[in-house]
Amino acid sequence: MTSVLRPAVSGTTTEEPPAAVKTQYRPVSTHLAIAPPVSVVIPAMNEAENLPYVFKTLPSWIHEVVLVDGNSTDGTVEVARELWPDVKVVPQRGKGKGDALISGFEACTGDIIVMVDADGSADGHEILSYVSALVSGADFAKGSRFANGGGTDDMTPIRKLGNRALCAVVNRKFGARYTDLCYGYNAFWRHCLDKIDLDCTGFEVETLMNIRVVKAGLKVQEIPSHEYLRIHGASNLRAVRDGLRVLRVILAERSNRRDLRRRPHGTVRLISTRGEVS
């Protein structure tokens, strides 16, 4: 799926391919062009003040932006349309981050789907690293704040401890090798949705995805990512409440061992934001 963008050699001519086999390539860096269209899904509820910071870092080469609006009352939709005129707005049908993401995934037309939070904590420039991992062979590119090269400005000590403990449980029980568990900056090929069958509505959706890609035997590659502070507003995340919901998901998935025994475990490698694999 990967194509290297090479300059034409002076004085040479190449035969134009037939129209039926022409492929549109999108230059994503000085040395890489890709054919797969990339959709970016942004779940948002009353994030009008943060969207300018989110949209200004999104690469111009992405295929589409899908904004899932959770009944915002602060002009979130209007701001999004002003910033990105072609944005696809999807009204959220239910409640919760998981419900919003599922609605957004259904509306995507790209072959690659990227999940980005609307609070300004994610750097859209990192999308290049995620997409590069996918076109290089990964099925699921998982952001990690604790892989070498990652970081966070937004986690309290209690949240770090909880994330580390839950991550250790998932690694032990499902044969994963994750360095981060509860992080919402991920990317994957659209076909992965058929294998992970998402069915939860809250913040725990990220943990559910991470577990099910391993159970499905998909190839996972961790991408070091830096999480910044939310710019405006307050997060709806509650460490104890949402930690217990994550634990319930882990226990529920653990209780179903049959699929896990049948399938090989997914593999995890680390890749720096510069594309260096370790």
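1. Basis of the values. The model is predicted, so that local features need pLDDT of at least 70 and side-chain atom pairs count only at pLDDT 80 or more, whereas totals for chains, interfaces and linings use all residues. Residues are numbered from 1 along each chain as its sequence is written, and side-chain values use heavy atoms, with hydrogens and water left out.

2. Confidence. The chain has a mean pLDDT (the predictor's confidence in each residue, from 0 to 100) of 85, and 81% of its residues reach 70 or more. Over residues 1-14 the pLDDT stays under 50, and the model has 14 contacts (heavy atoms within 4.5 Å) beyond four places in sequence for them. The pLDDT also stays under 50 over residues 272-278, for which there are 10 such contacts.

3. Strand 11. Helices (H or I, at least four residues) and strands (E, at least two) are DSSP runs, numbered from the N terminus. Strand 11 (residues 220-224) is largely enclosed by the rest of the structure, because 5 of its 5 residues are buried; buried means under 20% relative accessible area, exposed over 50%, and partly exposed in between, with a 1.4 Å probe and protein chains only. Val220, Glu222 and Pro224 are on one side and Gln221 and Ile223 on the other, and both faces are covered. In a regular strand the side chains alternate between the two faces of the sheet.

4. Pairing of strand 11. Strand 8 (residues 140-144) runs parallel to strand 11 and is joined to it by 5 bridges, where pairing requires that DSSP finds at least two bridges between two strands. Ala141 has Gln221 of strand 11 as its bridge partner.

5. Helix 3 and Thr201. Helix 3 (residues 97-107) is mostly covered, with 9 of its 11 residues buried, among them Lys97, Gly98 and Asp99. Thr201, in the loop between helix 6 (193-196) and helix 7 (205-215), is in contact with Lys97, Gly98 and Asp99, and also with Lys95, Gly96 and Arg245, when its neighbours within four places in sequence are left aside. Thr201 and Gly94 are 107 residues apart in sequence, yet their C-alpha atoms are 8.3 Å apart in space. Thr201 itself is partly exposed, because its relative accessible area is 40%.

6. Helix 8. Leu251 belongs to helix 8 (residues 239-255) and is exposed, because its relative accessible area is 54%.
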